[in-house]
Amino acid sequence: MAPLPRVALAAGHLALERQRQPWQVAAADYHAVPNAARATFARLLGAPAHDVALVPAISTGMAIAAALLPVRAGQQVLVLEAEYPSAVLAWRERCRAVGADFTVIPRPADGDWTAAVLARIDARTAVAALPHVHWLDGGVLDLATIRAALDAVGGALAVDAIQSLGVVPLDVAVVRPDVVACGCVKWLLGPTSTGFAYVAPRWQDGTPLEHGWLARAGSEAWGQPVRWAEGFQPGALRFDMGQSSNFTLWPVAQASVELLLGWGIDAVAARLGALTAELADAAAAAGLRRTVATPRAPHYLCLDLPPGAPPDLTARLAARGVQVSVRNRTVLRVTPHVHVTARDVARFAEALPAALR
């Protein structure tokens with residue numbers, strides 16, 4: 001989880017104060033609050049706001065994708081080895097349900113995930129369900145090139161963007177994904193249970209997972225007799241989570257994303273690339289090598305742990321004021337954000353060799 005910026009905390013405080021006196025919430029806010037967040041999220045993707053649905057997590061976004069994108073018996077869905085479970089479990093269940101192959105692409109020795117995916121795309125490929133950045137090695141996938149290969153066989157592209165958006169640009173006009181799912185809790189500096197899913201226009205007449213009243217046509221008309229509307233809100237809004245009018249969390253997430261957009265994604269990437277380079281030098285001095293990834297995301301420093309690494313390494317580092325994580329028991333993942341200072345880098349350089357002993 002990323003730390004919440006001060007502007008997000010301030011937005012959350014105002015939102016909580018407002019809901020403490022719920023008579024301050026107007027009928028129009030049930031649409032205005034989520035739609036304001038939706039429009040901000042859409043700017044990250046270069047997409048129209050009505051192509052974006054509000055979801056609480058990656059798992060929901062991928063469940064939407066698995067329900068919408070066609071997969072038939074005998075076809076295959078491509079996923080990457082050791083991808084985060086919430087991004088792939090819906091696809092495994094979909095394959096089981098229809099008799100398709102759930103094809104796991106092994107991690108390539110040279111760290112080139114794009115080449116590995118391209119080598120497995122064939123006439124049987126229904127969907128490639130891929131991360132933009134792999135969470136275990138920081139490898140970036142060339143989604144536009146993969147999209148072109150999928151076009152040649154009639155395959156679809158579902159993207160897990162939680163490890164990239166906010167640092168690595170993803171333009172839907174260039175990549176042309178069918179679905180992109182993202183949570184705000186990581187590189188978007190947002191709270192838990194907030195996220196969004198881009199759904200390409202050609203899939204927007206599909207059946208949603210939930211049937212909340214806000215997603216139905218005419219739900220803005222308060223004060224009317226109760227009506228169980230048949231139609232939906234336009235675009236991807238039909239796929240919104242239930243109780244999408246979250247008056248407390250959407251303003252927090254929106255404030256964080258607006259902050260990032262104001263800084264500029266390229267500026268964030270440059271700052272984080274410089275930080276991870278300094279941290280990589282410190283790690284090399286302590287005897288740890290970077291996990292192979294080609295190309296590598298600027299915000300990820302993944303280090304191969306030696307066989308004799310202490311099992312309580314993260315606790316040892318935390319005791320010295322360094323917060324990192326061990327993933328899959330083999331990788332030490334160091335992922336700073338822009339709040340990290342030169343003093344923090346120096347602390348890491350001092351703590352790591354001591355913690356490894």
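**View 1. Strands S2 and S3 pair in a predicted model.** Strand S2 covers residues 76–80. Five bridges join S2 to S3, and the two strands run parallel. Leucine 80 stands opposite isoleucine 105 in S3. Strands of a sheet pair through backbone hydrogen bonds, either parallel or antiparallel.

**View 2. Seven strands form an open sheet.** The strand order is S1-S7-S6-S5-S4-S2-S3, and the pairing is mixed. Strand S1 (52–55) and strand S3 (101–105) stand at the edges. Each has a single partner strand, so one side of each is left without a neighbour in the sheet. From one strand to the next, the twist averages 20°.

**View 3. Helix H3 packs with helix H4.** Helix H4 spans residues 85–98. The axes of H3 and H4 are 8 Å apart, at an angle of about 30°. Angles under 35 degrees count as roughly parallel, so H3 is roughly parallel to H4. H3 passes H4 in a right-handed crossing. On the H3 side, the contact is made by Ile58, Ser59, Met62, Ala63, Ala65 and Ala66. H4 contributes Ser86, Ala87, Ala90, Trp91 and Arg94. By class, this contact has eight nonpolar, two polar and one charged residues.

**View 4. Helix H2 packs with helix H8.** H2 covers residues 29–45, and H8 covers residues 249–263. Their axes come within 9 Å and cross at roughly 30°. That makes H2 roughly parallel to H8. H2 passes H8 in a left-handed crossing. From H2 come Val33, Pro34, Ala36, Ala37, Thr40, Phe41, Arg43 and Leu44. They meet Trp250, Pro251, Ala253, Gln254, Val257, Glu258 and Leu261 in H8. The contact of H2 with H8 has eleven nonpolar, two polar and two charged residues.

**View 5. The protein chain holds eleven helices and ten strands.** Along its principal axes, the C-alpha trace spans about 70 × 55 × 30 Å. The radius of gyration of the protein chain is 21 Å. A compact globule with 357 residues would have a value near 21 Å, which agrees.

Conventions
Residues are numbered from 1 along each chain as its sequence is written. This is a predicted model: local features need pLDDT of at least 70, side-chain atom pairs count only at pLDDT 80 or more; totals for chains, interfaces and linings use all residues. Side-chain values use heavy atoms; hydrogens and water are left out. Axes are lines fitted to C-alpha atoms, for helices over the stretch in contact, and angles run from 0 to 180 degrees between N-to-C directions. Helices (H or I, at least four residues) and strands (E, at least two) are DSSP runs, numbered from the N terminus. Angles under 35 degrees count as roughly parallel, over 145 as roughly antiparallel, 65 to 115 as roughly perpendicular and the rest as oblique. A crossing is left-handed if the near helix is turned anticlockwise from the far one by less than a right angle, and right-handed if clockwise. Contact means heavy atoms within 4.5 Å. Ala, Val, Leu, Ile, Met, Phe, Trp, Tyr, Cys and Pro count as nonpolar, Asp, Glu, Lys and Arg as charged, and the others, Gly among them, as polar. Two strands pair if DSSP finds at least two bridges between them. The radius of gyration is taken over C-alpha atoms; the globule rule is 2.2 Å times the number of residues to the power 0.38.
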